[in-house]
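I opened the notebook to work through one structure from the overall fold down to single residues. The entries are in the order I looked things up.

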Amino acid sequence: MSYCYKQLFYCFSNTLETKMFKFTKFLADSGSVVNITKNVIRPIGKSASSATLIPAAVSNDPDEPIDIPNPYKKERVICILCKHNITPDHKNVKLLSQFQSPYTGRIYGRHITGLCKQKQAEVEAAILRAQSSALMPSYHKDIDFIKDPKLFNPEKPTRPHKY
């Protein structure tokens, strides 16, 4: 290695080494031992009982990464039937009518209801079974259930449709 390269290398590594050298010299002069695993500085004395533990200084370097939670992380959306542990049944016509259009009798899709894939399939199967057993009308919503509170807004889907 030539003299130029040695001097250049010394310039780059000089700052960190100088800081470490000064710190170790300070600890040696003050008679302390550093425990890196517990991040504690313990002074060396003749009596072990008189030795007090001093917490080591934590670096306040602004370039170090900081552990913070992701502010853009969306909270996980759970379908309403899974949240309340409800299994759709063909005899529960009042619940099933919530997932049916009041004007056409059409079953709302997942993008409107916000249900998970499994519960949406169970709701569709239960509605078809209730319609085939004449518990629910096929082409419109039952008049008794039109004024029921809505579980979702069909005008504003929870997620965009794929078409």
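**Entry 1: overall.** I note at the outset that this is a predicted model. I listed the secondary structure and found five helices and three strands. Read from the N terminus, the order is α-β-β-β-α-α-α-α. The protein has 163 residues, and 23% of them are buried. I then looked up the accessible surface, which is about 13700 Å². Carbon and sulfur atoms account for 59% of that surface. For contacts between residues at least 6 apart in sequence, I found that 59% join residues at least 24 apart.

**Entry 2: the core.** I looked up the largest nonpolar core and found 16 residues in it. The residues with the most contacts inside this core are L81, L96, F99, L115, V123, I127 and M136. Of the elements, α5 gives the most, with four residues.

**Entry 3: L115.** Which residues does L115 touch, leaving out those up to four places away in sequence? I found C79, I80, L81, F99, R110, Q120, V123 and R159. Of these partners, L81, F99 and V123 are also among the core residues with the most contacts inside the core.

**Entry 4: the largest pocket.** I looked up its volume, and about 330 Å³ of space lies in it. The lining has 16 residues, and V77, I78, C79, I80 and G114 lie nearest the centre of the pocket. I sorted the lining by type and got nine nonpolar, three polar and four charged residues. Which elements supply at least two residues each to this lining? They are α2 (80-83) and α4 (110-113). The most comes from α2, with three residues. Going back to L115, I see that C79 and I80 are among the residues L115 touches, and both are listed with those nearest the pocket centre.

**Entry 5: S101.** I located S101 in the loop between α3 and α4. Is S101 buried or exposed? The relative accessibility of S101 is 9%. Buried means under 20%, so S101 counts as buried. I then listed what S101 touches, again leaving out residues up to four places away in sequence, and got R106, Y108, H140 and K141.

Technical notes:
Residues numbered from 1 in each chain as written. Predicted model: local features only at pLDDT ≥ 70, side-chain atom pairs only at ≥ 80, totals over all residues. Heavy atoms only, no water. 1 Å grid on protein atoms, 1.4 Å probe; cavity = no way out; pocket = protein on both sides within 12 Å on 5 of 7 lines; lining within 4 Å. Points joined across faces, edges and corners; volume = space filled by probe spheres on them. Nonpolar A, V, L, I, M, F, W, Y, C, P; charged D, E, K, R; others polar. Core = buried A, V, L, I, M, F, W, Y, C linked by side-chain atoms within 4.5 Å. Buried < 20%, exposed > 50% of the residue type's maximum accessible area, 1.4 Å probe, protein only. Contact = heavy atoms within 4.5 Å. Areas by Shrake-Rupley, 256 points an atom, 1.4 Å probe, with all protein chains shown as cover.
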